[in-house]
Amino acid sequence: MDRVSVVTDIRQANQIAARENRTIFDKSGSCVLNLMSAPGAGKTSVLEATIREIAPSYRVAVIEGDLETTFDSDRIRALGVEAHQITTGSVCHLDARMVAKALTVFPTDGVDLLVIENVGNLVCPAEFNLGEDLRVMVFSVVEGADKPKKYPLMFHTSDVVLLNKIDLLPYSGVALSELLRNVVEVNPRAAIFPISCRTGQGMEGWVGWLTEELRSRRREALSTLKT
Amino acid sequence: MHELSIAESILDIAAAEAANHDAAAVTAIKIRLGDFTGVVQEALEFAFEIARQGTIAATARLEIERVPLKTRCPECDMAGSTDFCFICERCGTPLEILSGREMQVEFIEVAEQEVTWIASR
């Protein structure tokens, strides 16, 4: 019986695929968001509201991930934005290979902002890098204040947390300060935006932040071209 | 259930190493699994039992070493607590993770091919 040293990360195959996706996104100059949340937190509604503000100035495209149906990609197309639907069947998260396959029929040339809306799931998507620039999490105020501590990996690995449905705070039995404190403890570095995509509260802050990200990437791409 | 895809990745890595060494079978796979990963040990063990069937690791035992989540303050060097708080209790700086995110195949144990001597005339 021989022992063979391996020392290989189990996530390696996905990481390699994610890096290849990254190369494609860098070539097209696209800023890519991996949009994640529990089912029903409001990912697609937040995305619709964000698209309405961003699409007049930037070319947006969306890759949707769901177990079944094309409901979400249909909603995005209804806004005049290109969308591609991945139906995973029973797989509870998107991985880099699924996105790579989608990119063969849904190219990102000329796309400023690609949003990949992940399967609604607070557990598995956290471990699967897709080649994104930013991980954006939607956390609705009616999910309970202890959610960040119960699902720490998802919260900890997010760059942005959109605290959605703040119009329902009076009925949630939770103070905004408690929600914010729990998010900050698990992820002191995340940019946090309390919003209601339904009433529009807080959307200016989130859209302003995202627009600044897109602008600075455009400036960087232009300066790279000049050199 | 994504523990199944993780079990398959573990088996792919083990099979590739076994092929590099012309092994007849993989008899054990040792992995290091951090406490701050999205993986449940029992689910992974169950998925492994299913996924290893019909592979070169069909009889392999899976050894799992758990790695605890350890954090440290980069400013004042204080060790973080074991709950999921990533802010330094002393100075409020975001903590860095020292361990707990591991998901690694450390080594495998293989059984060599039996050598058959063919007598030449």
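Buried means under 20% relative accessible area, exposed means over 50%, and partly exposed lies in between, with a 1.4 Å probe and protein chains only. This is a predicted model, in which local features need pLDDT of at least 70 and side-chain atom pairs count only at pLDDT 80 or more, whereas totals for chains, interfaces and linings use all residues. Residues are numbered from 1 along each chain as its sequence is written, chains are lettered from A and ligands numbered from 1 in the order in which they are written, and side-chain values use heavy atoms, with hydrogens and water left out.

**View 1. A salt bridge between Glu49(B) and Arg52(B).** The closest N and O atoms of this pair are 3.2 Å apart, a salt bridge being a side-chain nitrogen of Lys or Arg within 4 Å of a carboxyl oxygen of Asp or Glu. Arg52(B) is buried because its relative accessible area is 17%, while Glu49(B), at 40%, is partly exposed. Elsewhere, salt bridges with shared partners connect Arg22(A), Asp26(A), Asp133(A), Glu213(A) and Arg217(A) in one network.

**View 2. Glu127(A) in salt bridges with Arg11(A) and with Arg101(B).** Within chain A, the side chains of Glu127(A) and Arg11(A) meet at 3.0 Å, N to O. This pair links distant parts of the chain, 116 residues apart, with Glu127(A) in the loop between β5 (113-117) and β6 (134-140) and Arg11(A) in the loop between β1 (2-9) and α1 (12-28). Both Glu127(A) and Arg11(A) are buried. The side chain of Glu127(A) also meets that of Arg101(B), at 2.8 Å, N to O. Over all chains, the structure holds 27 salt bridges, and the rule finds 2 across the interface of chain A and chain B.

**View 3. The side of chain A that touches chain B, with β1(A) giving its largest share.** The contact, meaning heavy atoms within 4.5 Å, takes 26 residues from chain A and 33 residues from chain B. About 2,700 Å² is buried between the two chains, with carbon and sulfur atoms giving 65%; buried area is the accessible area (1.4 Å probe) that two parts lose on being put together, summed over both. In chain A, Val4(A), Val6(A) and Ile10(A) lose the most area to chain B, together 24% of what that side buries. Across the interface there are 12 residue pairs in polar contact, both residues at pLDDT 80 or more; a polar contact is a pair of N or O atoms within 3.5 Å, where within protein one must be able to donate a hydrogen and the other to accept it, and residues adjacent in sequence count only if both atoms are side-chain atoms. On the side of chain A, β1, α6 (152-156) and α8 (176-186) each supply at least two residues, and β1(A) contributes 8 residues.

**View 4. The largest nonpolar core, with Leu33(A) among the residues that have the most contacts inside it.** A nonpolar core is a set of buried Ala, Val, Leu, Ile, Met, Phe, Trp, Tyr and Cys residues joined through side-chain atoms within 4.5 Å, and this one has 31 residues. Elements that each supply at least two of its residues include β2 (31-37), α2 (43-54) and α9 (203-226) of chain A. Not counting residues up to four places away in sequence, Leu33(A) touches, among others, Leu113(A), Val136(A), Trp206(A) and Leu210(A). A second, separate core of 28 residues includes Ala47(B), Phe48(B), Ala51(B) and Ile108(B).

**View 5. His93(A) in the loop between β4 (82-87) and α4 (96-105) of chain A.** His93(A) counts as buried because its relative accessibility is 2%. Beyond residues up to four places away in sequence, the residues that His93(A) touches include Asn118(A), Cys124(A), Phe128(A) and, from chain B, His2(B).

Key. Helices (H or I, at least four residues) and strands (E, at least two) are DSSP runs, numbered from the N terminus.
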